[in-house]
Amino acid sequence: MQYGHFDDSKREYVIETPMTPLPWINYLGNKDFFSLVSQTLGGFTFYKDAKLRRLTRHRYNDVPRDNGGRLYYIKDGNTVWNPGFLPSKTPLDSYRCRHGLGYSIIESKKNGIMCSVKLFNPLDKAVEINQVKLENKSSTKKNITLFSALEWCFYNAEDDATNFQRNWNIAEVEVEGSTIYHTTEYRERRNHYAFFSVNSGISSFDTDRDHFLGTYNGWDKPDSVEKGEDSCSIAHGWAPIASHCIHISLAPGECRTFVFLLGYVEQKESTKFSAPGKVNKDKAYRIIESYDSEEKVQKAFGSLQKYWHGMLGHFQITTDEPKVDRMVNIWNQYQCMVTFNLSRSTSYYESGLGRGMGFRDSCQDIYGFVHMAPERARQRILDLASVQFADGSTFHQYQPLTGKGNADIGGGFNDDPLWLIASTIAYLKETGDFSILDESIPFVDNNIGTTTLLMHLERSFSFTLSHKGPHGLPLIGRADWNDCLNLNCFSTEPGESFQTCSNYDSGKAESVFIAGMFVLYGRTYAQLLDRLGKSKEAQEARNETDAMEKKCIRYGWDGNWFIRAYDALGGKVGSKDCAEGKIFIEPQGFCTMAGIGEDEGLGKKAMSSVWQYLVNDFGIELIAPPYSTYHEELGEISSYPPGYKENGSVFCHNNPWVILAESKLGHGNEAYSLYCRNSPAFTEEKSDIHRSEPYCYSQTIAGRQAPTYGEAKNSWLTGTAAWSFVAVSQGIFGIKPDWDGLLIDPCLPDSIGFCRIIRQFRGTTYEISIDNSTHSGYQLTVDGERVHGKLVRHNAERKRVDIKLSL
Ligand code: BGC
């Protein structure tokens with residue numbers, strides 16, 4: 001069953017009912033200023049950092065699920081309704097929500113009034129625009145009242161949700177004309193404030209929640225709306241809000257548009273007051289003036305659309321399967337941008353209070369993003385390197401506002417350092433810009449001398465070498481990619497953090513997954529060293545990766561698949577000898593991608609084991625069989641009921657590793673079949689089971705052992721986005737950025753006979769046609785000339801290159 005449809009020509013997903021199985025959200029904003037908006041106009045807004053600079057309040061785990069947001073009430077006689085349906089839940093005569101690229105439009109109709117709310121954050125200002133359009137579609141004159149409402153957050157969202165003994169005393173607001181300013185703590189150490197304005201006169205306002213709602217009402221039935229007038233309340237402490245009340249008279253066919261702005265302003269300490277105690281509002285005035293008419297708003301919207309057109313234009317594909325095209329061309333790349341911007345910090349599942357930017361997560365996000373805006377990826381890599389310690393280890397997360405490592409979580413996740421090599425190499429292959437390696441970035445704990453990015457990579461590489469266990473495989477530390485496989489934790493204390501405590505560090509727990517990473521990225525790192533003229537170091541690196549490969553074959557192979565790890569007691573994890581958790585997906589994907597034991601056919605065997613034990617209708621489960629009881633020696637993974645999260649769901653993030661592994665082995669049909677299983681456009685028809693948004697990937701889909709098999713959770717902020725884009729664009733369609741140009745190396749299913757790809761690469765447009773129907777064997781021509789091998793060398797002088805490949 002579906003709740004909407006894709007409109008590919010507009011690059012929108014059109015939701016046809018507000019009652020989707022779960023809130024279906026969109027992200028607004030591109031660089032610093034972000035908003036989440038659901039199909040009911042729920043969600044919240046923040047500047048840069050969802051924890052430290054939250055502008056509007058959101059109650060997680062609230063009932064109903066998606067309460068609050070930016071609310072618009074229309075009072076028409078005795079009927080009060082909301083264009084987003086919530087919170088009044090007044091039945092609408094028609095409803096539609098269009099989630100587009102960086103914008104959402106909700107269009108509803110009730111009793112002859114059509115209301116459209118268009119929301120977007122323009123490219124270059126810290127403001128959320130809500131353009132509200134009201135049209136009288138009836139044949140009689142309508143006198144209606146429009147109310148806006150939002151609730152301010154006290155910036156630090158964690159403190160906001162906990163420190164009431166202070167917070168209920170500090171709220172301050174100011175109203176000037178049609179603008180409501182939220183100035184809490186501005187009198188002391190905050191040099192920023194927020195405002196909510198509308199480009200029309202207002203009849204009244206409210207800034208105090210209790211006055212607006214009435215002490216015992218919810219947002220569904222505010223007192224002021226019932227009365228038909230705000231009460232001009234000024235908040236002194238308690239909960240500050242912003243509501244405008246506008247009386248509107250509409251002749252039949254008449255239409256009026258209002259521009260509401262939720263803005264954010266930062267001031268220098270020296271200019272924060274225009275007179276003693278008087279908030280300097282100049283910057284707010286300028287923002288308000290920038291969007292005080294429909295024309296100005298339309299212009300800003302046009303720039304946003306142009307921006308997205310440019311971004312997505314870096315990779316466009318045409319096949320005869322529209323679902324593939326819409327994922328590759330629109331939604332997958334769009335999600336890659338969102339994950340790049342926000343890592344795992346804030347969504348409807350990630351509260352934004354706990355996590356900042358994840359180190360490994362952000363490194364991987366670069367994979368899906370680097371082709372769109374390499375200069376931003378460059379800066380991100382440098383930011384990430386700056387939370388690395390001199391021994392090569394890294395902070396596991398950092399806060400975007402401060403750029404500082406998150407001390408609560410600390411480090412010790414032994415895969416983290418290698419991801420820095422992976423993302424830097426992805427950047428180098430995309431851009432050819434080796435100057436990044438010379439950038440100087442101090443280590444977090446050692447400021448002495450100049451430390452270049454290249455030195456950071458060296459430390460990353462040597463970290464694995466200096467942290468090996470009894471079998472010569474990498475020590476896992478607190479955990480590797482699988483945060484929930486906590487082999488040194490041994491926790492018996494309810495509530496104790498699985499990730500940060502280590503009760504039994506025997507120095508023995510080893511990861512076959514990190515071994516796979518080390519071989520894969522270590523070999524590319526060796527190529528890099530060669531290119532830098534460091535052939536001795538390159539040879540040493542190769543010796544180490546060869547040695548690791550041998551160890552992996554010797555101690556990491558279990559007969560038909562790669563084992564996952566050795567636990568702290570030296571026992572195997574993910575082996576046929578285990579009662580449960582016999583096979584894990586991660587090493588099958590990574591070790592096969594790394595080519596470990598390729599000559600012996602290990603990858604092939606590993607893949608057939610994956611199909612035999614792990615594949616279901618929605619993708620590949622993380623382990624089989626899941627753990628049915630809690631295992632102290634394994635940690636969090638066994639804390640989930642079977643079939644959920646790391647304990648046997650389809651953990652979508654690592655499915656693309658298997659797709660890439662299958663592509664490496666030349667198994668086009670298998671790779672594509674796996675790709676389709678959880679690609680959102682392909683799951684759309686099962687939306688009643690899948691429940692999460694059908695236009696973006698979710699982190700997990702409950703596995704076969706779960707009572708809710710097929711239900712997805714944790715949509716949007718997942719490494720699935722970047723890896724799926726790599727899997728489809730590089731694995732299946734085979735457009736692989738390489739040191740000297742583009743490798744054209746597809747691995748297509750029989751069902752795709754022909755495709756055309758436009759790829760912008762280092763300033764050149766590559767137009768690539770692939771004919772998969774000739775069975776001619778690999779034949780490549782570049783600008784009409786036959787080329788041997790799969791590499792199309794980049795030549796900066798040629799701005800357009802025509803590539804034809806028959807297979
Ligand atoms: C984390 C990733 C981790 C994955 C698997 C995600 O929630 O953000 O860093 O690799 O879970 O445990």
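In strand 2, which residue is the bridge partner of His5?

Reply: The bridge partner of His5 is Val14. A word on the numbers comes before the rest. The model is predicted, so local features need pLDDT of at least 70, side-chain atom pairs count only at pLDDT 80 or more, and totals for chains, interfaces and linings use all residues. Residues are numbered from 1 along each chain as its sequence is written, and side-chain values use heavy atoms, with hydrogens and water left out.

Now the hairpin itself. Strand 1 (residues 4-7) and strand 2 (residues 12-15) pair in the antiparallel sense over four bridges. Strands here are DSSP runs of E with at least two residues, helices are runs of H or I with at least four, and both are numbered from the N terminus. Two strands pair if DSSP finds at least two bridges between them. Four residues lie between strand 1 and strand 2, and in this hairpin Arg11 takes a positive phi near 55 degrees.

Positive phi turns up elsewhere. Most residues other than glycine have a negative phi, and most peptide bonds are trans. Tyr155 has a positive phi near 70 degrees. Tyr155 sits in strand 13 (residues 142-155). Tyr155 is buried, at 0% relative accessible area. Buried means under 20%, exposed over 50% and partly exposed in between, with a 1.4 Å probe and protein chains only. Phe490 also has a positive phi, of about 50 degrees. The loop between helix 11 (453-465) and strand 25 (510-511) holds Phe490. Phe490 is buried too, with a relative accessible area of 15%.

One joins Leu86 and Pro87, with omega about 0 degrees. Pro87 lies in the loop between strand 8 (79-81) and strand 9 (94-100). The other runs from Ala624 to Pro625, with omega near -20 degrees. Pro625 lies in the loop between strand 31 (623-624) and strand 32.

Next, strand 12 (residues 127-136). Eight of its ten residues are buried. Strand 12 pairs with strand 11 (residues 113-120) in the antiparallel sense over eight bridges. Strand 11 and strand 12 form a hairpin, with six residues between them. Strand 12 also pairs with strand 19 (residues 255-266), again antiparallel, over nine bridges. Ile129 of strand 12 links the two pairings: Phe120 has Ile129 as its bridge partner, and in strand 19 the partner of Ile129 is Leu261.

Three bridges join strand 33 to strand 34. Among the bridge pairs is Ile701 with Ala712 of strand 34.

A pocket is an open set of points on a 1 Å grid over the protein atoms alone, where a 1.4 Å probe fits and protein lies on both sides within 12 Å along at least five of seven lines; lining residues have an atom within 4 Å of a point. Volume is the space filled by probe spheres set on points joined across faces, edges and corners. The second largest pocket holds about 630 Å³. It is lined by 33 residues, with Arg355, Asp483, Lys645, Glu646 and Gln699 nearest its centre. Helix 8 (359-369), strand 33 (698-701) and strand 34 (712-715) each give two or more residues to this lining. Strand 33 has the largest share, three residues. The lining divides into eleven nonpolar, eleven polar and eleven charged residues. Nonpolar covers Ala, Val, Leu, Ile, Met, Phe, Trp, Tyr, Cys and Pro, charged covers Asp, Glu, Lys and Arg, and the others, Gly among them, are polar.

The ligand comes next. The residues around it include Arg355, Asp483, Glu646 and Gln699, where near means a heavy atom within 4 Å. An oxygen atom of the ligand is 2.5 Å from a polar backbone atom of Trp481. A backbone N or O atom of Asp483 lies 3.0 Å from a ligand oxygen. From Gln699, a polar side-chain atom lies 2.9 Å from a ligand oxygen.

Last, the largest pocket, with a volume of about 1,100 Å³. Of its 35 lining residues, Lys429, Leu520, Thr524, Gln730 and Lys736 are the closest to its centre. Its lining has 19 nonpolar, eight polar and eight charged residues.

Definitions and conventions
Polar contact = N/O pair within 3.5 Å; in protein donor to acceptor, adjacent residues only side chain to side chain.
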